[in-house]
Amino acid sequence: MPKSLSFSSKIFQVESMEVGAGQVENIVKGGRNLFPLVPKALAGIKQIGVIGWGSQGPAQSQNLRDTLEGTGIKVKIGLRPGSSSMDAARAAGFNENDGTLGEMFQVVRESDLVLLLISDGAQAELYSNIFEAIRPGATLGLSHGFLLGHLQNVGAKFPANINVIAVCPKGMGPSVRRLYVQGKEMNGAGINASFAVEQDIDGRATEIALGWSVAIGSPYTFMTTLESEFKSDIYGERGILLGAVHGIVEVLYRRYVSQGMSHDDAFLNSCESITGPISKTISKQGILALYQGLDDAGKKEFETAYKGTYPAARDVLEEIYDEVSSGNEIRSVILAGDRLKRRKMGVIDGTETWQTGAKVRAKRVEGNIPVHPFTAGVYAATMMAQIDVLLDHDHPYSEVANESVIEAVDSLNPYMHARGVAYMVDNCSTTARLGSRKWAPRFDYLIEQEGFRAIALGKLDESLISKFKAHPIHPALAACAKVRPSVDIFVE
C-alpha cells in the first residue's frame with residue numbers, strides 16, 4: 001500500500017486530499033495570498049544562500065527574491081570564482097555591490113538557509129567542503145535527493161548539527177520561473193512540489209520547507225521522504241519524462257515509415273501527437289479521458305497498442321527502478337564524471353527522426369495534429385507501467401502522479417513540443433541526460449522486439465484493458481487536477 005505521510009503546520013493551513021483507493025494525503029495549497037505568511041515560516045532566517053546557477057538556481061532565487069521583497073530576508077547567489085554563470089546572475093539582478101552575489105563557500109558560511117542547487121556531480125565532489133562551511137544550526141535545503149543516495153553509497157552522513165530539508169519542484173527550473181511570472185495576475189502559479197524533512201534539530205524544519213515551497217509558487221505541496229524522492233525522480237527521468245518518450249518516438253517513427261507514411265506524417269503522428277494533443281488531454285482530463293475520447297475504431301487500436309506495449313515497457317521500468325534503488329544508477333553518474341572531463345557528451349538530434357522533426361515543427365499547424373490512437377496506446381501503456389512500478393514500491397500517490405504524469409504533461413512535454421525532444425534531452429541536467437541516453441534505446445528495442453512482435457502474433461493479455469480502466473491512479477489524478485496551476489505554461 002502506498003505511503004500516506006501526515007504533517008502539521010502552525011502557519012499554513014494543512015488540508016486533507018482524497019487521492020482514491022482509500023488514501024488521504026496532507027497537502028498545503030499555494031497561492032500569492034499566502035506570501036505574507038512566508039516570513040513567519042522563515043522566522044530567524046536573515047539570508048537565504050542559493051548555491052548554483054543551473055536549472056533550478058535561476059528560477060528559485062528569482063521567485064524567492066520577488067516573494068520576499070520588502071521583508072528584510074536577503075536572497076544571495078553563491079558561485080565559484082570565475083564561474084561563467086556570474087554574468088547571467090548579474091543580468092538577473094544579483095550583484096556584488098548590493099551583497100546579493102558572492103563566492104559560494106562564503107555564501108554557505110554566512111547563510112541561515114543554504115539551498116544547494118549545484119549539479120549532482122558537483123554535490124558529490126564538494127559535499128564534504130560544504131558540510132565544513134555550513135554553520136551549526138543552519139538549514140541545508142536540497143531540491144533533489146541525489147546527495148542522500150550518494151552519501152548512502154559512500155557511507156557518509158549529513159552533519160548532525162543542521163536541519164536538512166528538501167523542496168523538489170516537479171518540473172524543470174524554467175517552468176518554475178515561467179509559471180510564477182505568468183501567474184502574477186491569477187494568484188498563482190508555479191510547479192507542484194514535494195517536501196521532505198531529513199533532519200530536524202530545532203522543530204522548525206517543516207515550517208521552513210513549507211515556506212520555501214510556497215515562496216517559489218508551488219500550487220500544492222505534498223510530503224515525501226528524501227529517499228523516496230530521489231528514487232522516484234531519477235527513475236522517472238529515465239522513464240516517461242525523458243528516456244521513455246525519446247525511445248517511444250524513435251520506434252513509432254520507424255514503424256509508421258515502414259507502414260508507408262511519409263517521413264513528415266510519421267513524425268506528426270508520433271512525436272507531435274504525444275507532445276501536443278495527447279499531453280494536453282492528459283493534462284486537463286487525465287489518462288482515461290485520452291482513451292474515452294476516441295471513436296470505436298480508435299479505441300480498438302489504442303487497446304492493441306496498450307496490450308502490446310505494457311509488458312515490454314514494464315520490464316524496462318522494473319529494471320530501472322532496481323538500478324536506482326540499489327545505488328547503481330547514482331554510481332554510474334559519478335563514474336561518468338571522469339569520462340566527461342575527457343570527452344564532452346554528444347547530442348542526440350542527428351537521427352532522421354529528429355532531423356525530420358525540425359522541419360515538421362517549422363511548418364506546424366497546431367489544429368492539424370492528430371491524436372493517433374496507436375501512439376496514444378503506446379504512450380499511455382508506458383506511463384501506466386511506470387505508475388504501477390512506483391505504487392508497487394509504496395510511493396505516495398501524489399508523488400506517483402507528479403513524477404509520472406503531471407511533470408511530463410505540464411512541464412517537460414510543452415518544452416519538447418516547442419523545441420523538440422532532442423533539445424529537451426540535451427538541455428537537462430547531466431544526470432538526466434546520462435539516464436535518457438542510457439535507457440531510451442532499451443525502450444526503443446524492447447517495445448519493438450517484444451511489444452510489437454506480440455501484437456503481430458496476437459499474443460496479448462486481454463485483462464490489461466480492464467485493469468487500466470479501473471486503475472486507482474485515475475481518481476488520484478482527478479484530485480490533483482483540483483489544485484492544478486491556474487495558468488497553462490506558454491513556451492515561445
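Predicted model: local features only at pLDDT ≥ 70, side-chain atom pairs only at ≥ 80, totals over all residues.
Visitor: How are α10 and α19 oriented to each other?
Guide: The axes of helix α10 (residues 243-258) and helix α19 (residues 430-457) come within 7 Å and cross at roughly 45 degrees. Angles of 65 to 115 degrees count as roughly perpendicular and those under 35 degrees as roughly parallel. The two helices α10 and α19 are therefore oblique.

Visitor: How many charged residues does the contact of α10 with α19 hold?
Guide: On the α10 side, the residues include His246, Glu250, Arg254 and Arg255. They meet residues of α19, among them Asp444, Glu448 and Phe452. By class, the contact of α10 with α19 divides into 8 nonpolar, 4 polar and, as the number asked for, 5 charged residues.

Visitor: How are α17 and α21 oriented to each other?
Guide: Helix α17 (residues 397-419) and helix α21 (residues 473-481) have axes that come within 10 Å and cross at roughly 85 degrees. An angle of 65 to 115 degrees falls in one class. The helices α17 and α21 are therefore roughly perpendicular.

Visitor: How many nonpolar residues does the contact of α17 with α21 have?
Guide: From α17 come Tyr397, Val400, Ala401, Val405 and Ile406, and from α21 come Ile473, Ala476, Leu477 and Cys480. The contact of α17 with α21 has no polar and no charged residues, and its nonpolar residues number 9.

Visitor: How many residues apart in sequence are the parts tied together by phenylalanine 131 and phenylalanine 158?
Guide: The count of aromatic pairs comes to 15. Phenylalanine 131 and phenylalanine 158 form a tilted aromatic pair, with 5.8 Å centre to centre and 50 degrees between the planes. Phenylalanine 131 lies in helix α5 (residues 120-133) and phenylalanine 158 in the loop between α6 (146-154) and β8 (163-169), so the pair ties together parts whose separation in residues is 27.

Visitor: In which helix does phenylalanine 468 lie?
Guide: Phenylalanine 302 and phenylalanine 468 form a tilted aromatic pair, 5.8 Å centre to centre with 35 degrees between the planes. The pair links distant parts of the chain, 166 residues apart: phenylalanine 302 lies in helix α13 (residues 296-325), and phenylalanine 468 lies in helix α20.

Definitions and conventions: Residues numbered from 1 in each chain as written. Heavy atoms only, no water. Axes fitted to C-alpha atoms, helices over the stretch in contact; angles between N-to-C directions. Helix = DSSP H or I, 4+ residues; strand = E, 2+ residues; numbered from the N terminus. Parallel < 35°, antiparallel > 145°, perpendicular 65-115°, else oblique. Contact = heavy atoms within 4.5 Å. Nonpolar A, V, L, I, M, F, W, Y, C, P; charged D, E, K, R; others polar. Phe/Tyr/Trp six-rings, centres within 6.5 Å; stacked < 30°, edge-to-face > 60°.
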